[in-house]
Amino acid sequence: MSAFRFSAILSTALALGLFGAGCGGPVAVKAASVKPEKERKVAPDFALKDADGKVVHLSDYRGKVVILDFWATWCGPCRIEIPWFMDLQRKNKDRGFEVLGVAMDDEGWEAVKPFLADLGVNYRVMVGDDITAQMYGGVDALPTTFLIDKTGKIAAVHVGLASRRDFEDGVEQLLQAPATVASSGTGELVVSGGAK
Amino acid sequence: MGEPAKVAGARGAAVQARIPVTVDPGFHVNSNHPSEEYLIPLKLTWTSLGALEGGQVAYPAPTLEKYEFADKPLSVFTGAFSLAVSFKVAGNAPPGPGVATGKLRYQACNSNTCFPPKSADVNVAYQVQ
């Protein structure tokens, strides 16, 4: 008797971040998962609506470090990470940092809004679509989380449940990155500062 | 997906089909009664029964597995298992072949990653004698 088979793609293994201590200044952090600047590619821009119906573009956040988290309410590993992102948002929102969530639930806001309310999610969440997912490589496995630097480039990608410390280290490393001048892609120059 | 074994019966007869399922090693699907409300259950629904009636599904006993992303063990199916489906051949069914069709909805995860819910086609061929 024949059988049918569920197949799925194994997620990539994740490396742990490393801490380096400094004296008198901010702690120097180097997350193993963060790519060198020259290897980073531009994060595709998107236009998705948030819970209030306002259109959110990734490019609105140029100059900030961004965690872009693709998740779903039915995804157990995603539910582990979301409180970590809430903490990161709370601790770093005044340092040029934002978390953006993209919910991939087929039921859309009907499923997502109650979850956001129950958990008290403190960052912007949009409902995703296939076009946006395709721009980011399909995003078939959840959670998939992109760490985006101040110039709008992807510094790290985490597929599957990652370590909290790796997110914390990655964000800190990008926040501490020295001031850079980068092209916005429209001929406009964007000047982004380092960590306070 | 493969085809379940063909079933056969006379008008009014009870027939049972077994639908084989295999989940790849390292993965699981939620059982028909998941441990948590937010999890999507395995569910077989019929879209067309043809000359058959009923179609009640008996799911196997799930296993309880502990994963890093959940505090409590989860009710899941892993490996190879089968669904037993009970039909009755309609009393006015014309003799001959036919196919009952349905959809098996499932949502798979491994230890740290989940995949969007999908539906697989289920076809049960039958012969009214």
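In the sheet of chain A, A:Val66 stands opposite A:Ile148 in β10(A). The structure is a predicted model, in which local features need a pLDDT of at least 70 and side-chain atom pairs count only at pLDDT 80 or more, while totals for chains, interfaces and linings use all residues. Residues are numbered from 1 along each chain as its sequence is written, and chains are lettered from A and ligands numbered from 1 in the order in which they are written.

The strands β7(A) and β10 (residues 144–148) of chain A are joined by five bridges in the antiparallel sense. Strands here are DSSP runs of E with at least two residues, helices are runs of H or I with at least four, and both are numbered from the N terminus. Two strands are said to pair if DSSP finds at least two bridges between them. The open sheet to which these strands belong has six strands in the order β4-β11-β10-β7-β8-β9 (chain A), with mixed pairing. Its edges are β4 (41–42) and β9 (124–127) of chain A; each has a single partner strand, so one side of each is left without a neighbour in the sheet. Helix α4(A) packs on this sheet and touches β7, β8, β10 and β11 (153–159) of chain A, its direction making about 150° with that of β7(A). Such angles run from 0 to 180 degrees between N-to-C directions, and the axes are lines fitted to C-alpha atoms, for helices over the stretch in contact.

Helix α1 (residues 76–92) of chain A comprises 17 residues and reaches 25 Å from its first C-alpha to its last, close to the 24 Å expected at 1.5 Å a residue. The expected span is 1.5 Å times one less than the number of residues. Among the buried residues of α1(A) are A:Cys78, A:Ile82, A:Phe85 and A:Leu88. A residue counts as buried if 20 or more other C-beta atoms lie within 10 Å of its own, as exposed if 12 or fewer do, and as partly exposed in between, with C-beta atoms placed from the backbone. The buried residues of α1(A) pack against β7, β8 (97–103), α2 (109–119) and α4 (164–176) of chain A, together with β10 (108–109) of chain B.

The largest nonpolar core has 76 residues, and A:Ile67, A:Trp71, A:Leu142, A:Leu147 and A:Val171 have the most contacts inside it. Such a core is a set of buried Ala, Val, Leu, Ile, Met, Phe, Trp, Tyr and Cys residues joined through C-beta atoms within 7 Å. Strand β7 (residues 65–71) of chain A gives the most to this core, with six residues. Beyond residues up to four places away in sequence, A:Leu142 touches residues including A:Phe70, A:Trp71, A:Met104, B:Thr113 and B:Cys114. Two residues are in contact if their C-beta atoms, placed from the backbone, lie within 7 Å.

Chain B has zero helices and eleven strands. Buried residues make up 33% of its 129 residues, and its C-alpha atoms fill a box of roughly 55 × 20 × 20 Å along the principal axes. Of the contacts in chain B with a separation of 6 or more, 72% are between residues 24 or more positions apart.

One open sheet of chain B has four strands in the order β1-β11-β9-β4, again with mixed pairing. Its edge strands, β1 (7–9) and β4 (43–48) of chain B, each pair on one side only. Neighbouring strands of this sheet are turned by 30° against each other on average, direction ignored. Strand β1(B) runs parallel to β11 (residues 118–128) of chain B, to which three bridges join it; the bridge partner of B:Val7 in β11(B) is B:Tyr126. Strand β9 (residues 96–106) of chain B pairs with β11(B) in the antiparallel sense over eleven bridges, and B:Gly102 stands opposite B:Val122 in β11(B).

B:Ala61 counts as exposed because it has 8 C-beta neighbours inside 10 Å.

Confidence is expressed as pLDDT, the predictor's confidence in each residue, from 0 to 100. Over residues 1–25 of chain A the pLDDT is below 50, and it stays under 50 over residues 181–196 of chain A. Where pLDDT is low, the predicted coordinates should not be read in detail. For the complex, the predictor gives an ipTM of 0.91 and a pTM of 0.84.
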